Amino acid sequence: MFEKLKLRGQLIKAFRTAEIYRVVKQGDRTSYLFPKIHQIDSHHTYTRYAFSLLNGIDPELLNKKRWALRQVLGSNIEINGSLKNFSITVHYKSLPKMLTYTYDSIHPYIEGMELPVCIGQDIYGNPVSWDFAELETLLISGEIGAGKSSLMRVILTTWVKHSSPDELRLVLVDLKRADLGLFHGIEHVDALCFEAKDMRKPFALLRAEMYRRGDLLLEHGVTHISRLPFKLPRIVVVVDEMR
């Protein structure tokens with residue numbers, strides 16, 4: 001019981017620090033009404049608070065003042081909910097700084113996806129992924145040494161293992177001549193360019209293929225190749241470090 005009261009006081013302190021409350025004035029007296037705490041579940045790896053906001057408290061404050069909540073509760077917090085009912089989960093362990101990539105470990109999480117992109121793990125150790133076929137354009141940015149090229153190699157490796165050459169064709173551009181050479185000779189790869197001049201022929205072929213596919217869409221009265229009565233391979237262009 002004492003531990004629950006201590007955790008409750010910690011959450012109230014976080015609400016006060018983040019100014020998530022309603023101010024009620026009666027004469028010379030000012031009262032602060034905090035969100036209603038419904039449940040506190042404490043485990044050895046995390047603590048989860050379930051609460052509801054009072055009417056008149058902007059729910060966006062929880063995200064806007066996340067930094068203030070972290071200052072009190074800890075840096076690894078997760079906020080879920082909408083409108084009034086929310087939960088805050090405080091995790092006592094941090095995300096790992098490095099992961100070892102194994103296709104077999106992520107495969108159960110990407111079954112059914114056409115072009116799965118797996119970018120790492122969540123705080124519970126589950127792979128974080130989405131289907132690139134629904135996105136179609138992706139920019140990976142970050143400072144030097146952040147792991148952009150490593151992530152790109154993970155994405156390409158996953159695609160090559162997940163899709164057959166009949167389902168996926170790749171055009172790779174590596175003007176640093178450092179990161180995509182390991183995909184040389186892979187059956188999925190139509191072109192691997194290390195200099196700008198090497199890009200002319202494969203990009204001319206891509207342009208012609210775009211026009212051909214556009215004509216097919218018009219002919220069959222559809223707006224996407226996935227709706228054609230026959231299957232065409234996805235074509236993905238990957239460019240590493242090009243201004």
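First, the ground rules. The model is predicted, so local features need pLDDT of at least 70, side-chain atom pairs count only at pLDDT 80 or more, and totals for chains, interfaces and linings use all residues. Residues are numbered from 1 along each chain as its sequence is written, and side-chain values use heavy atoms, without hydrogens and water.

Now confidence. pLDDT is the predictor's confidence in each residue, from 0 to 100. The chain has a mean of 91, and 99% of its residues reach 70 or more. Confidence is lowest in strand β1, residues 22–26, with a mean of 87. It is highest in helix α6, residues 200–220, at 96. Helices (H or I, at least four residues) and strands (E, at least two) are DSSP runs, numbered from the N terminus.

On to the sheet. It is open, with four strands in the order β3-β4-β6-β5, and the pairing is antiparallel. Strands pair if DSSP finds at least two bridges between them. Which strands sit at the edges? They are β3 (36–42) and β5 (77–82), each pairing on one side only. Between β3 and β4 (residues 46–52) there are six bridges. I37 stands opposite F51 in β4.

Two helices meet this sheet. Helix α1 (residues 2–17) lies across β3, β4 and β6 (85–91), at about 125° to β3. Helix α3 (residues 66–73) touches β4, β5 and β6, and its direction makes about 130° with that of β5. Contact means heavy atoms within 4.5 Å. Angles run from 0 to 180 degrees between N-to-C directions, with axes fitted to C-alpha atoms, for helices over the stretch in contact.

Next, cysteines. C118 is buried at 8% relative accessible area, and C193 is buried at 2%. Buried means under 20%, exposed over 50%, partly exposed in between (1.4 Å probe, protein chains only).

Last, salt bridges: a side-chain nitrogen of Lys or Arg within 4 Å of a carboxyl oxygen of Asp or Glu. The whole structure has ten. K65 and E19 form one, at 3.4 Å, N to O. K65 is in the loop between α2 (61–64) and α3, and E19 in the loop between α1 and β1, so the pair ties together parts 46 residues apart in sequence. K65 is buried, at 18%; E19 is partly exposed, at 46%.

K176 and D179 meet at 2.9 Å, N to O. R153, K176 and D179 are linked in a network of salt bridges.
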